[in-house]
Amino acid sequence: MSDNFDEFFDKHAQWTEHDGKPSSKSTHSSTSSSSTASSRRKARARSEAKKRKQRAKIVLVILLIFVVGVVGCVGYSAVKSWHSAHDSEIVADWSGPGFGSVEFTVDTGEGAIAIAAKLVKANVVKSQAAFTSAVAANNKILYPGVYLLKKHMAAIDVVNILSDQTKAGGFLDVRAGEHATDILQRASSLSGISLDKFKAVLADGVAGILPPEAHGNVEGWLEPGVYNVKSMKSAEDILAAMIKKRISKLDSLGIPQGDNRERALIIASIAEAEVNNREYYGKVVRVILNRLAKDMPLGMDSTVAYGAGVKPLKITQAMLDDAHNPYNTRIHKGLTPTPIGIAGDDALLATLKPQDGSWIYFVTTNLKTGETKFTDNEKEFLQFRDEYKRNNPEGN
């Protein structure tokens, strides 16, 4: 309306001077009015075009905001759904304490993921994620063994049990330095197989499982490790597992076969019993070899104790004087008839490369730290022995 009014005003308005005569402007208004109106129309057209562009931009911005909003909502929903699914997996856990009973076995070498899968299958824990997360969060080590669990237990309760070696059953843990008699007693207790059956197998030379150089004696021929004896059906199976693993280990370490292998087992078992420290194995082996070369008795308390069936600290003077003990190396020259226990890898390797030296004496001067001193001088040896007595008065 205003545009039409302006156009009408431009066409018909006349200006007058103060004297009442028509203004001089009126003389050319007719000629200029047409061009003025044309200019106004063009200006209005440009203004309308500009307004239309602005409106289009506004609409486009609104559309973009709408599209981004929709995509954002969809993306957020998708991420939220993924997180919800993931979180639900992590927290999928029973509240415990559970019911019933489940005998569960953790085998040697099994990791947390494999154990978790077995636990879920046994209906002990609700999810693998709950169990593995509990193991990682608490930095736990899971031990092989047979455990008594329940169904529907809280994952952390299961982790606490499987990481407690005192709760593990059915698995025999054989360690370097142990004696065959102690190992077989534990094997009998864990497996439920009577000790008499183990003795019967041993009396039969372990049914041909032992090599000829062992002369039917199993001492020193059992390999350290963890064995699931509860799953084995007989005493022969249990002994065979330990002996075969031992032979395989000796082969892998390069310990010579035949009589030299038995000799290595004897020397390594004495070194293991005397110092039980990898730092000194090579020196102890050298002392043994030097004494044998000089045709001296080995004079090792560990061998006397083995033959007497006591711990070295329990040796009496009567035991030291007992010539009937074939393991009394204070009296009998040469090596003992058999190994006196299980030698570990380090002690066995020391028999292949003993340290060079002229030592013929050694004394562990401090039982708490294991510090051991070596010499080839008898006077210095006596000084070391006095030092031992001062440091360990309870051992005198």
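Predicted model: local features only at pLDDT ≥ 70, side-chain atom pairs only at ≥ 80, totals over all residues.
Biologist: Happy to look at this with you! In which handedness of crossing does H7 pass H8?

Modeller: Two packed helices are described by the angle between their axes and the distance between the axes. For H7 and H8 the axes lie 9 Å apart at an angle of about 60°. The crossing in which H7 passes H8 is right-handed.

Biologist: Are H7 and H8 roughly parallel, roughly perpendicular or oblique to each other?

Modeller: Their packing angle is about 60°. Roughly parallel needs an angle under 35 degrees, and roughly perpendicular begins at 65. The two helices, H7 and H8, are therefore oblique.

Biologist: Nice. How many residues of the contact of H7 with H8 are nonpolar?

Modeller: On the H7 side we find Lys197, Phe198, Val201 and Leu202, and these meet Ala235, Glu236, Ile238 and Leu239 of H8. Of the residues in this contact, 2 are charged and none is polar, while the nonpolar ones number 6.

Biologist: Let's turn to the largest nonpolar core. Which helix gives the most to this core?

Modeller: That core holds 54 residues, and Phe198, Leu239 and Met242 are among those with the most contacts inside it. Several elements supply at least two residues each, including strand E3 (172-174), helix H6 (180-191), helix H7 (195-203) and helix H8 (235-253). With 8 residues, the helix that gives the most is H8.

Biologist: And how many residues are in the second, separate core?

Modeller: Its members include Phe104, Ala116, Val124 and Val159. The count for this second core is 19 residues.

Biologist: Finally, what share of the chain's residues count as buried?

Modeller: The chain has 14 helices and 6 strands. Among its contacts with a separation of 6 or more, 62% join residues 24 or more positions apart. Of the 396 residues, the share that counts as buried is 34%.

Key. Residues numbered from 1 in each chain as written. Heavy atoms only, no water. Core = buried A, V, L, I, M, F, W, Y, C linked by side-chain atoms within 4.5 Å. Buried < 20%, exposed > 50% of the residue type's maximum accessible area, 1.4 Å probe, protein only. Helix = DSSP H or I, 4+ residues; strand = E, 2+ residues; numbered from the N terminus. Axes fitted to C-alpha atoms, helices over the stretch in contact; angles between N-to-C directions. Parallel < 35°, antiparallel > 145°, perpendicular 65-115°, else oblique. Left-handed = near helix turned anticlockwise from the far one by under 90°. Contact = heavy atoms within 4.5 Å. Nonpolar A, V, L, I, M, F, W, Y, C, P; charged D, E, K, R; others polar.
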